[in-house]
Amino acid sequence: MILKMGFPSVMLCPYNINIKYQEKKMSQPIRVRFAPSPTGHLHIGGARTALFNYLFAKKQGGTFILRLEDTDVERSTEASVQMILSDMKWLGLTWDEGPEVGGEYGPYRQSGRSAIYESKIMQLVEAGKAYFCFCTPEEVEVHRLAAAEKGEQLKYAGTCRTLSLEAAKARAAQGEPYAIRFKAPQEGETIIQDLIRGRVVFDNTILDDFVIVRTTGVPTYNFAVVIDDAAMKITHIIRGDDHLSNTPKQICLYQALDEPLPEFAHVPMILGPDKTRLSKRHGATSVGAYAEAGYLPEAMINSLALLGWAYDDKTTLFSQAELEAKFTLDKVSKNPAVFDLRKLSWMNGQYIRSIPEPEYIERSIEWLAQTGIIQLPLDDIKQNYVTQVVKIVRDKYKLLSELPEQVEYFFKEPELEKIDEKARNKLESMQENPDLFKALHAKLGMLKSFFVSAQEVALKDFIEEQQVKFGVLAHPLRVCLTGRMQSPGVFEIMEILGQDVVLERLAAGLRLVGINI
RNA sequence: GUCCCCAUCGUCUAGUGGCCUAGGACAUCGCCCUUUCACGGCGAUGACAGGGGUUCAAAUCCCCUUGGGGAUGCCA
């Protein structure tokens, strides 16, 4: 697919876009990267970008690289780095090269790559493709405001563009602070052949002499990203749509550095329900928050994959292996997607019910222990008990966080004094026929076996003898046993709870409504 | 302001000129299953933003308008 992509309009381009790259393409192994800046947690949009990169690499037999873009010294934190790494791992997006695992193109943090940037900067400056700029940010801002006032383009005025290199070096040597700007071409067009969007044309007159090195000596994003992508031999840049407008600047840098151009694929953004960029205003946006809320990584992956990508007109459930086998960039859509929490929840329910049982049990126990419902380690009897409990409620909830509430009454007496009005009424309905429920208590007490099958036989006989409908018995019984109106089947509950507990709870319920046995 | 991107049910999407009186999924509603809740099954409601072209034929191609998003940072 990729190899079939032609570049019909290459002739119109002032630079030989892609020709150099195309030549190499045949022999070059596919390398993609996810390059978050560690200025916060890994959010939904970032995770989706990471996933697409990961899936593309897997499908194409390529290498998936993780690189930390921490050139914003002010905002980058080590805590963010750790959150991002652990969220990536939680999602199962393991990287072939990057922090912790290393690789031959390291280091994989931009803060550790200064030497590489410095040599490239000097190369550009010496070649006259970049220049020292002594304007202060305040001066630049004044120009910008004035331009805005006049309705002109908000570009750098070019004050230092014509400074001779000797003069500039002399001023720098005297300690005058400076930034370095890229001398952007002002004629012609820069064309992006985007794998998702097709041909996108930018007139070079919009190009600003943007800063590539700050006064602090630290390179800016647009510069570092190009140097690193080139140095790391990245072949496909798959990233958010918000970078499309930066791409012409970067393409010009590749050309100035005489580096082959990678392919670009700009994926659409993820929006909140109000169609604006997804942000904290819309609720949880971090992957970690979803993990804590009881979502399964499998469901997150599946959901994220479907945000801007579809395989066909019917399939919605994909295992990670299936995604790795089926993902292609040509099926990525161009329009932004609203993140739908309800669909994620539905999908999570699907995964709760479909992951292999031992794994389901293991994760449930982990969750219950974490929330203090049970204490680890479990002995065989308890292990068996908890296993039965989590299995019986499996199709009743969607998030692991709902599990403790679902199974609470299996681990402590229901507080019948505190139940809601409906349940209370159901409990009091037993007063209409006290003898019936006394007889039920006796019947359950006489059972030799407490398995569901034995109960069924016994209770069937019982309702026939007593001439009542099963519901008359079952509902109040359920309230006695669980303190609530909804639960799994009463037989199943009774089998797990055991005869003694069942008799105690039934007696307690009866006592509460004034029926003594 | 300028530049760029985008536009199919409420939401995610299928659709690449005739297979479309537009298909699927979530959500919503109804029915069935049923000891309750859920699960599951069946069904219903519901969309090509608007206007011009091109064509025998347009959701699909072109133009305009409108709407949304992004960029315009010594953030990424």
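# Reading the RNA surface and the packing

Helix H12 gives the most to the surface near RNA strand B, with 5 residues. Here a residue is near the strand if one of its heavy atoms lies within 4 Å of it, and helices (H or I, at least four residues) and strands (E, at least two) are DSSP runs numbered from the N terminus.

This is a predicted model, in which local features need pLDDT of at least 70 and side-chain atom pairs count only at pLDDT 80 or more, while totals for chains, interfaces and linings use all residues. Residues are numbered from 1 along each chain as its sequence is written, chains are lettered from A and ligands numbered from 1 in the order in which they are written, and side-chain values use heavy atoms, with hydrogens and water left out.

Q: How many residues surround RNA strand B, and which are the closest?

A: RNA strand B is surrounded by 66 residues, the closest being Thr71, Arg144, Arg214, Asp395 and Ser487. Of the RNA atoms that come within 4 Å of the protein, 72% belong to sugar and phosphate.

Q: What lies 3.5 Å from a phosphate oxygen of RNA strand B?

A: A polar side-chain atom of Trp346 does. The backbone also takes part: an N or O backbone atom of Lys314 lies 3.4 Å from a sugar or linking oxygen of the RNA, and a polar backbone atom of Met485 is 3.4 Å from a sugar or linking oxygen.

Q: How do helices H17 and H21 pack?

A: Two packed helices are described by the angle between their axes and the distance between the axes. Axes are lines fitted to C-alpha atoms over the stretch in contact, and angles run from 0 to 180 degrees between N-to-C directions. H17 (residues 434-446) and H21 (residues 499-512) pack at about 170°, with axes 10 Å apart. The two helices are therefore roughly antiparallel (over 145 degrees; under 35 is roughly parallel, 65 to 115 roughly perpendicular, the rest oblique). The contact (heavy atoms within 4.5 Å) includes Phe437 and Leu440 of H17 and Val502 and Leu506 of H21. Its residues divide into 9 nonpolar, 3 polar and no charged.

Q: Which two peptide bonds are cis, and where do their prolines lie?

A: Gly106 and Pro107 are joined by a cis bond with omega about 0°, and Pro107 is in the loop between H3 (78-91) and H4 (114-126). The bond from Leu376 to Pro377 is cis, with omega near -5°; Pro377 lies in the loop between H13 (357-370) and H14 (380-392).

How values were computed
A polar contact is a pair of N or O atoms within 3.5 Å; within protein, one must be able to donate a hydrogen and the other to accept it, and residues adjacent in sequence count only if both atoms are side-chain atoms. Ala, Val, Leu, Ile, Met, Phe, Trp, Tyr, Cys and Pro count as nonpolar, Asp, Glu, Lys and Arg as charged, and the others, Gly among them, as polar.
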